[in-house]
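Dear colleague,

I am handing over the structure below, and after it you will find what came out of going through it. Please read the notes with the sequence and the 3D view side by side.

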Amino acid sequence: MAGAGGGNDIQWCFSQVKGAVDDDVAEADIISTVEFNHSGELLATGDKGGRVVIFQQEQENKTQSHSRGEYNVYSTFQSHEPEFDYLKSLEIEEKINKIRWLPQKNAAQFLLSTNDKTIKLWKISERDKRPEGYNLKEEDGRYRDPTTVTTLRVPVFRPMDLMVEASPRRIFANAHTYHINSISINSDYETYLSADDLRINLWHLEITDRSFNIVDIKPANMEELTEVITAAEFHPNSCNTFVYSSSKGTIRLCDMRASALCDRHSKLFEEPEDPSNRSFFSEIISSISDVKFSHSGRYMMTRDYLSVKIWDLNMENRPVETYQVHEYLRSKLCSLYENDCIFDKFECCWNGSDSVVMTGSYNNFFRMFDRNTKRDITLEASRENNKPRTVLKPRKVCASGKRKKDEISVDSLDFNKKILHTAWHPKENIIAVATTNNLYIFQDKMN
Amino acid sequence: MSDKLGPESRSGDAGDEKQDTQEKEAVVPERAEEAKLKAKYPNLGQKPGGSDFLMKRLQKGQKYFDSGDYNMAKAKMKNKQLPSAGPDKNLVTGDHIPTPQDLPQRKSSLVTSKLAGPEKNC
């Protein structure tokens, strides 16, 4: 059944694809993060080269009522540059690990972007007027001979071609010894957290020279290190609550009202494991690569190597829903360990109404799970279905045995084509899916 | 109507057994994969999630170059060949004397992202 898997049987259609066609991918072009802003009008991407590209949705065309506005380039800038820490003899990558948008307060847009060590607050503003008619300067900027100035005039603002400027307003540096994996803006819109492998810091958006450490799991003796922080996020509504996930598959919920240092969790979410089922791979595949609260704040979703789990914040001992993303990989763990794919960090996201969740897989496949109908669908991001409004055909992987027509066998999957980053428009059925170096935008079919 | 509510409750027994078998079947491929891995790498540590693996993650494979180390090692091994980097990049700092070949390539000039380029559908 084509299109099954979204609420009311959404049919997903190709809309746009951004990026180069050639197979030879420069490292700098590898997309490392994708994020819609709060209205969905803007879509930001970050890449390994430290660049941010922001797309803006066109205003809806009244005559073209059967498709929503396209996303076109709005602004692009170099957010982070490669650095070298001379004291530690350490190269700091410029790769953008995360982008998070601030809610819009005025005409300008603000976002936080971070690499391994430094977080930056960027202001993106539009300029569509410029002053003309200076007294002391010619129109081209040259200064006039003062002796020729005989009258006084007031410069006036005249319209000009829209210019979008990005400027760094704050630089939050030198607070992380280890590599930053997450940033999350608090619902108070004044503070945000940044998390690295062992510590989480709380910042105020206005203050760059100080941050408060709120979680520190570094053991006194590094030989005793057993787990690291893999992701962290503030609760969408409760400004005192945040969660962080670990490489051992646990999630801790902390309440900042309890104490200044939240080393003791308020809740510990962990699914019990049958010790007889344990294997060499158990801990590695249980490592949580992403944690996301639902928009409602009632649930949170975690992604580990093979599955997506939905947790009810009121129940710590097991998830309320578990969805298998690519269970057929369980019999390939040995080779996935050898080629390092087992350490791939997949992200996950909710749709606007929290009824469907989405995550990526290999072979440029991505998966959606409808929480209400319990149906799931596998789709592919590929240039083959390039006509706008072409409905995407569901894909199926054949785990073993006889392969049916149109199915693909596990051994034919391309493990270099991984979809790690996906984003869902906060209000509409528009999704952004990043392959290695291309950004795909899909929309539901509007009739 | 049976009133057995203990751990050996009859109702749903067949269902439980089936679930057990399914779980075991799900895990057996994982065990088979583990056996494969151990056969290939017999020296693989007992604690996969232990210190070594996490330490590697914390260092993220960053390359170090210490000109002092390099020159001292060069002086020590005047007549011998310096050991080359080799495929094993997992060594902890200090175990291996880096050579200029080990250093990461200098980044190329920064250009505009291709995502900002014209859309090509083909």
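In this predicted model, 41 residues of chain B are in contact with 67 residues of chain A, where contact means heavy atoms within 4.5 Å. The two chains bury about 4700 Å² between them, 56% of it on carbon and sulfur atoms; buried area here is the accessible area (1.4 Å probe) that two parts lose on being put together, summed over both. On the chain B side, the residues that lose the most area to chain A are Glu30(B), Leu58(B) and Leu115(B), which together make up 16% of what that side buries.

As to conventions, this is a predicted model in which local features need pLDDT of at least 70 and side-chain atom pairs count only at pLDDT 80 or more, while totals for chains, interfaces and linings use all residues. Residues are numbered from 1 along each chain as its sequence is written, chains are lettered from A and ligands numbered from 1 in the order in which they are written, and side-chain values use heavy atoms, with hydrogens and water left out.

A salt bridge joins the side chains of Asp29(A) and Lys114(B), at 3.1 Å from N to O. From chain B, α1 (13-40) and α2 (51-59) each supply at least two residues of the side that touches chain A, helices (H or I, at least four residues) and strands (E, at least two) being DSSP runs numbered from the N terminus. The largest share of that side, ten residues, comes from α1(B).

Chain A also holds an open sheet of four strands in the order β20-β21-β22-β23, with antiparallel pairing; two strands pair if DSSP finds at least two bridges between them. Its edge strands, each pairing on one side only, are β20 (290-293) and β23 (321-324) of chain A. Four bridges join β20(A) to β21 (residues 299-303) of chain A in the antiparallel sense, and Asp290(A) stands opposite Arg303(A) in β21(A).

Another open sheet of four strands in chain A, also paired antiparallel, has the order β1-β32-β31-β30, with β1 (12-18) and β30 (421-424) as its edge strands. Here β30(A) and β31 (residues 430-434) of chain A run antiparallel over four bridges, and Thr422(A) stands opposite Val433(A) in β31(A).

With best wishes

Technical notes:
Salt bridge = Lys/Arg side-chain N within 4 Å of Asp/Glu carboxyl O.
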